[in-house]
Amino acid sequence: MKGLFAKEWRHLFTTMTGYVFIALYLALSGAVFTLTCLLAQSGDIKSYFSVFNTVAVLLFPILTMGSFSEERRQKTDELLLTAPVTLTSVVLGKFLATLAVFLLPMLITLCYPAVLYAFGVRALAATVGNYVGLVLLAGACIALGQFLSLLTDSQFVAAMTTYAVFGLLLLAGSAVSMVHQPMLQAALRFLAIVTHCEGFSYGVFDAMEAVYYLSVTVLFLFLSVYVLERRRIS
Amino acid sequence: MLQVTHLRKDYPTQRSVDDLTFAAESHEAVGLLGPNGAGKSTTMRMLAGYLAPTAGEVELCGLRMSDSPREVKRMIGYLPEIPPLYPESTVTEHLRFVCALRGVAARETARECERVCALLNITHVAGRVIGRLSKGYRQRVGFAAALIGQPRLLILDEPTVGLDPQQVVEIRRLILTLAQQMTVLISSHMLSEIASVCSHLLILNRGVLVADGTAQSIAQGHRDRSLLTATVRGDRSLAVQTLRKAVAGLGELSVQERFTPDETDFLIASAAQVDVSAAVFHAVADRRDALTLTALTAKTPTLEDIFMDITRGAAPVPAQAQEGGRAQA
């Protein structure tokens with residue numbers, strides 16, 4: 001899996017995808033931090049994450065759209081699937097490398113709480129909680145995005161499908177307050193992938209929400225392995 | 001060394017490979033022949049572990065693919081028809097990645113890359129980006145990647161497609177050298193290529209193995225067939241119609257491709273004891289107002305003729321139709 005991780009990491013940077021992602025991530029997160037904290041003269045890091053988590057969801061397809069679709073288009077999946085490695089390690093290698101590329105700019109944004117700290121705002125629990133929530137959200141979105149990339153051999157189709165699905169998941173969060181039917185409301189709340197971060201934003205480790213994100217991540221990693229195996233059989 | 005038993009692959013609409021059984025010894029070059037759509041690539045993909053068979057078993061050095069896929073895959077080097085290469089990587093980066101995939105120890109990686117680069121004569125392009133290499137070099141890089149880890153079985157799917165004649169000769173020489181160290185399975189629909197490097201031939205037609213043996217043994221099995229070539233001048237469709245009527249019940253007629261406007265070549269296969277030449281001569285003579293027989297020659301079947309004879313036929317049979325046929329039988 002180490003070789004697959006290294007190859008995927010290198011691939012994300014030799015194809016410029018990684019650089020584009022990092023540039024957009026830092027530009028947008030910087031803009032959100034400036035607007036929500038600096039210009040608003042607010043020391044509350046929660047206001048930054050409440051906006052940026054939604055923005056981040058729209059950045060993940062950049063990383064995931066070519067993950068498996070390009071392998072199929074270039075026929076390099078034949079190299080991976082005839083190698084003496086398990087399908088699980090193929091899927092995990094790609095997932096972990098993509099997550100690592102996401103963590104790179106996220107670590108740079110640790111300077112934002114440092115700036116707030118310099119201004120005398122000390123909210124360690126909320127800061128850690130928000131970052132933990134963002135990492136869990138990223139894991140779930142990357143696993144889902146990679147699964148959607150597996151279903152096509154076109155990077156463009158993969159990107160559009162992922163944006164459509166992520167868009168619906170974000171809309172589900174907005175629609176919760178618009179419906180009054182309890183069951184539908186519960187379903188929308190469950191689907192609203194970003195709102196599950198809210199518990200973490202107060203600096204509280206919400207085990208239920210952590211399990212939600214980890215379950216989504218594991219489910220889509222498992223589905224990716226399953227689809228690869230089904231493709232071998234059918 | 002390699003034992004394939006009752007291998008079958010069904011797709012939703014058709015059966016691609018049907019009850020394929022053969023064995024290959026170590027240190028031999030085996031040629032897998034067949035027309036397009038015969039099931040060669042599907043067979044190779046199953047042997048390489050890319051596709052799972054619907055039924056049957058692949059066994060290499062006593063290990064079954066279904067029981068120990070990783071161990072079996074470690075012993076196989078596979079070069080598909082389109083070499084699986086990352087165009088943005090350099091040759092060295094790609095080969096290093098394949099070393100990591102195939103479990104070559106980190107300290108051995110550099111030496112292994114140098115070894116396969118030297119074998120394929122690509123050392124001078126090792127630092128170049130694959131996407132900027134010519135098709136011939138890309139093919140060689142794919143070949144080099146298939147040799148990493150010193151496989152016991154090397155599977156090459158149409159390895160010389162798109163190469164210039166000099167590269168074809170080089171690759172053939174390399175295959176002959178490699179066949180002294182490992183089992184090499186090559187697929188092609190080019191008889192000359194297979195005949196020049198392989199001692200053992202397998203001929204597939206519509207997913208079914210129709211011949212298995214050396215070129216001599218396969219030819220021996222077809223001595224009971226006689227071949228006649230006829231060239232007829234005149235309207236092509238009339239000529240086809242006339243000869244078809246003449247050989248009906250005596251043999252099988254096939255039209256040979258030759259791009260001349262007024263002449264058509266025919267190949268007529270029949271049982272050795274049946275003489276169809278008189279029937280052909282009289283049939284054309286009866287239509288001498290429109291047709292002229294310009295040549296009528298008895299032919300000793302070559303490997304190519306046997307191949308044509310064996311693989312003459314149309315599209316693959318749908319899986320359900322085959323099942324139904326068997327059920328009725």
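**Figure 1. Contacts of B:A52 with chain A.** Leaving aside its neighbours within four places in sequence, B:A52 is in contact with A:R232 and A:I233, where contact means that the C-beta atoms of two residues, placed from the backbone, lie within 7 Å. The model shown is predicted: local features need pLDDT of at least 70, side-chain atom pairs count only at pLDDT 80 or more, and totals for chains, interfaces and linings use all residues. Residues are numbered from 1 along each chain as its sequence is written, while chains are lettered from A and ligands numbered from 1 in the order in which they are written. B:A52 sits in the loop between α1 (40-48) and β4 (55-60) of chain B; helices (H or I, at least four residues) and strands (E, at least two) are DSSP runs, numbered from the N terminus. B:A52 counts as partly exposed because it has 17 C-beta neighbours inside 10 Å. A residue is buried if 20 or more other C-beta atoms lie within 10 Å of its own, exposed if 12 or fewer, and partly exposed in between, with C-beta atoms placed from the backbone. B:K9 is 43 residues away along the chain from B:A52, and their C-alpha atoms are separated by 8.0 Å.

**Figure 2. The side of chain B that touches chain A.** Contacts link 22 residues of chain B to 18 residues of chain A. On the chain B side, the elements that give two or more residues are α2 (69-74) and α3. The largest share, four residues, comes from α3(B). By class, this side of chain B has 13 nonpolar, three polar and six charged residues; Ala, Val, Leu, Ile, Met, Phe, Trp, Tyr, Cys and Pro count as nonpolar, Asp, Glu, Lys and Arg as charged, and the others, Gly among them, as polar.

**Figure 3. Helices α3 and α5 of chain B.** The axes of α3 (residues 91-101) and α5 (residues 135-146) of chain B come within 9 Å and cross at roughly 25 degrees. Axes are lines fitted to C-alpha atoms, for helices over the stretch in contact, and angles run from 0 to 180 degrees between N-to-C directions. α3(B) and α5(B) are therefore roughly parallel to each other; angles under 35 degrees count as roughly parallel, over 145 as roughly antiparallel, 65 to 115 as roughly perpendicular and the rest as oblique. α3(B) passes α5(B) in a right-handed crossing, where the near helix is turned clockwise from the far one by less than a right angle, anticlockwise being left-handed. B:V91, B:H94, B:L95 and B:V98 of α3(B) meet B:V141, B:A144 and B:A145 of α5(B). This contact has six nonpolar, one polar and no charged residues.

**Figure 4. Helices α4 and α5 of chain B.** The axes of α4 (residues 106-120) of chain B and α5(B) come within 9 Å and cross at roughly 135 degrees. That makes α4(B) oblique to α5(B). Their crossing is right-handed. From α4(B), B:V116, B:C117, B:L119 and B:L120 make the contact, with B:R140, B:F143 and B:A144 from α5(B). Six nonpolar, no polar and one charged residues make up the contact of α4(B) with α5(B).

**Figure 5. The two domains of chain B.** The domain assignment, automatic or from a database, gives domain 1 (2-220) and domain 2 (225-300) of chain B. Their C-alpha centres lie 41 Å apart.
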